[in-house]
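Please keep the structure in view while reading.

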Amino acid sequence: MAEEVLAEMVSTVQEILVSVGDEVKADDPVVMLESMKMEIPVIVEGPGTVASINVKPGDVLQPGDLIAVIS
């Protein structure tokens, strides 16, 4: 079952920390966001492989925007 990693708040993508095909485990950060001058790591809930990254640095995200898919 694929895990969709979604934005939880209005934020800007600062850095992509993984690549498509990378193996991740629970609580690994995949993207660093910035909101209200705070850096916010986006972590995955479970293990898997990064199937897609749907953002790039500088993108402004809204709540519910798709960041990545972990399969």
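In this predicted model, strands β1 and β8 pair in the antiparallel sense, with 4 bridges between them. Within that pairing, V5 has A68 of β8 as its bridge partner. Strand β8 also pairs with β6, which covers residues 48–53; this pairing is antiparallel too and has 3 bridges. Here A68 in β8 is the bridge partner of I53.

Is strand β8 buried or exposed? Of the 5 residues in β8 (residues 66–70), 4 are buried, so the strand is largely enclosed by the rest of the structure. Across the chain of 71 residues, 35% count as buried.

**The open sheet**

Another group of strands forms an open sheet: 4 strands in the order β5-β4-β2-β7, with antiparallel pairing. The edges of this sheet are β5 and β7 (60–61), each of which pairs on one side only. Strand β2 (residues 11–16) runs antiparallel to β7 and is joined to that strand by 2 bridges. β2 also pairs with β4, which spans residues 29–35, in the antiparallel sense over 4 bridges.

| Residue | Residue across from it | Strand of the second residue |
|---|---|---|
| V5 | A68 | β8 |
| I53 | A68 | β8 |
| S11 | L61 | β7 |
| T12 | V60 | β7 |
| V13 | L33 | β4 |

**The chain as a whole**

How many helices and strands does the secondary structure of the chain come to? There are 0 helices and 8 strands. The C-alpha trace spans about 30 × 20 × 20 Å along its principal axes. Among contacts between residues at least 6 apart in sequence, 53% join residues at least 24 apart.

**The largest pocket**

Empty space around the atoms can be found with a probe. Rolling a probe the size of a water molecule over the atoms shows where such space is left. In this chain, the largest pocket holds about 240 Å³ of space. It is lined by 14 residues, and those closest to its centre are V5, L6, E8, V42 and I43. By residue type, the lining divides into 10 nonpolar and 4 charged residues, with no polar ones.

**Proline 29**

P29 is found in strand β4. What is the relative accessibility of P29? At 36%, P29 counts as partly exposed, because the value falls between the 20% limit for buried and the 50% limit for exposed. Leaving aside residues up to four places away in sequence, P29 touches L17, V18, P41, V42 and I43. Two of these, V42 and I43, are also listed among the residues closest to the centre of the largest pocket. P29 and V50 are 21 residues apart along the chain, and their C-alpha atoms are separated by 12 Å.

How values were computed
Residues are numbered from 1 along each chain as its sequence is written. This is a predicted model: local features need pLDDT of at least 70, side-chain atom pairs count only at pLDDT 80 or more; totals for chains, interfaces and linings use all residues. Side-chain values use heavy atoms; hydrogens and water are left out. On a 1 Å grid over the protein atoms alone, a cavity is a set of points where a 1.4 Å probe fits but cannot get out, and a pocket is an open set with protein on both sides within 12 Å along at least five of seven lines; lining residues have an atom within 4 Å of a point. Grid points are joined across faces, edges and corners, and a volume is the space filled by probe spheres set on the points. Ala, Val, Leu, Ile, Met, Phe, Trp, Tyr, Cys and Pro count as nonpolar, Asp, Glu, Lys and Arg as charged, and the others, Gly among them, as polar. Two strands pair if DSSP finds at least two bridges between them. Buried means under 20% relative accessible area, exposed over 50%, partly exposed in between (1.4 Å probe, protein chains only). Contact means heavy atoms within 4.5 Å.
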